[in-house]
Amino acid sequence: MTLKNDKRAVGIFSSHQEAEKALNELRDAKFAMDRVSIIAKDSDRIGETQVQGTNHLDGGVTAGATVGGIVGELTGLLVGIGTLAIPGVGPIMLAGVVATTIATTLAGGAIGAATGGLVGGLIGLGIPEERAKIYHDSIVRGDYLVIVDGTEAEILRAEAILRSSKIREWEVYPTPSTAGYIDPVVRL
């Protein structure tokens, strides 16, 4: 048996400018941007959405959309830009593989109403409920939630960059699929 060391780190930026600057710094440091996701409230910019090569999923998710001015350069940094309306939060912008996973899960109804929509999606990522509520409330207030996946070394490297950019509420969690041991392939 081998232990897989993937981790998931989550933190908050107060503004679009802070988040964009931090993501640009990650990219410039040659960090794998396909390991980074962002979730933010798309407060009054839903009407500005320009859809390019969209793929509509149930529940109003639009994968591959470019969301007006709120996204800015983030579209060039992350994959899977989309929007989703979540009860109690309103429209949110999602970018990156992990954020797209949350959107797909929420749109498919795999998370029951009892888990609280976005809170349930975050819990499904392995984030403890009390932390998921803090992140949810931050998004509702207009903050930007950044999620980084990687090995312990990659997370430490990203943390140094993001802390210099004033990320807050930074926490590292084991990813649900790697919380235990993984059996190696048995060859006969």
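## Overall picture

Let's start with the whole chain. The protein has seven helices and ten strands. Of its 188 residues, 44% count as buried. The accessible surface comes to about 9,100 Å², and carbon and sulfur atoms hold 53% of that area. Among contacts with a separation of 6 or more, 67% are between residues 24 or more positions apart.

## Confidence in the model

Since this is a predicted model, a word on confidence is in order. The mean pLDDT of the protein is 73, with 61% of the residues at 70 or more. Over residues 110-115 the pLDDT is below 50, and this stretch has seven contacts in the model beyond near neighbours in sequence. Residues 178-188 also have a pLDDT below 50; beyond near neighbours in sequence, twelve contacts are found for that stretch.

## Strand E2 and its partners

Strand E2 covers residues 7-13 and is mostly covered, with six of its seven residues buried. Which strands pair with E2? Strand E8 (residues 144-150) runs antiparallel to E2, and seven bridges join the two. Here Arg-8 stands opposite Asp-149 in E8.

E9 pairs with E2 as well, in the antiparallel sense and over five bridges. In this pairing, Val-10 stands opposite Glu-171 in E9. Glu-171 will come up again below, as one of the contacts of Arg-131.

## Helix H1

Helix H1 takes in residues 16-28. The buried residues of H1 are His-16, Ala-19, Glu-20, Ala-22, Leu-23, Asn-24 and Leu-26. Just after the helix, Lys-30 takes a positive phi of about 65 degrees.

Two salt bridges can be followed here. The side chains of Lys-21 and Glu-25 meet at 2.6 Å, N to O. These two residues are four apart in H1, so about one helical turn separates them. Glu-25 has a relative accessible area of 26%, which means that it is partly exposed, and Lys-21 is likewise partly exposed at 44%. The other salt bridge joins Arg-27 and Asp-28, at 2.9 Å from N to O. What sets their exposure classes? With a relative accessibility of 36%, Arg-27 counts as partly exposed. Asp-28 reaches 51% and therefore counts as exposed, because the exposed class begins over 50%.

Arg-131 lies in helix H6, which covers residues 129-140. Is this arginine buried or exposed? Its relative accessible area is 14%, so Arg-131 is buried; the cut-off for that class is under 20%. Leaving aside neighbours within four places in sequence, Arg-131 is in contact with Glu-169, Glu-171 and Tyr-173.

With one of these contacts, Glu-169, Arg-131 forms a salt bridge, and the closest N and O atoms are 2.9 Å apart. While Arg-131 is buried, Glu-169 is partly exposed at 35% relative accessibility.

Where does Lys-166 lie? Its place is in the loop between helix H7 (152-164) and E9. Lys-166 counts as exposed, at 61% relative accessibility.

## Salt bridges across the structure

Finally, how many salt bridges does the whole structure hold? A search finds nine. Beyond the pairs described above, Asp-6, Arg-35 and Glu-154 are linked in a network of salt bridges.

Definitions and conventions: Residues numbered from 1 in each chain as written. Predicted model: local features only at pLDDT ≥ 70, side-chain atom pairs only at ≥ 80, totals over all residues. Heavy atoms only, no water. Buried < 20%, exposed > 50% of the residue type's maximum accessible area, 1.4 Å probe, protein only. Contact = heavy atoms within 4.5 Å. Salt bridge = Lys/Arg side-chain N within 4 Å of Asp/Glu carboxyl O. pLDDT = per-residue confidence, 0-100. Pairing = 2+ DSSP bridges. Areas by Shrake-Rupley, 256 points an atom, 1.4 Å probe, with all protein chains shown as cover.
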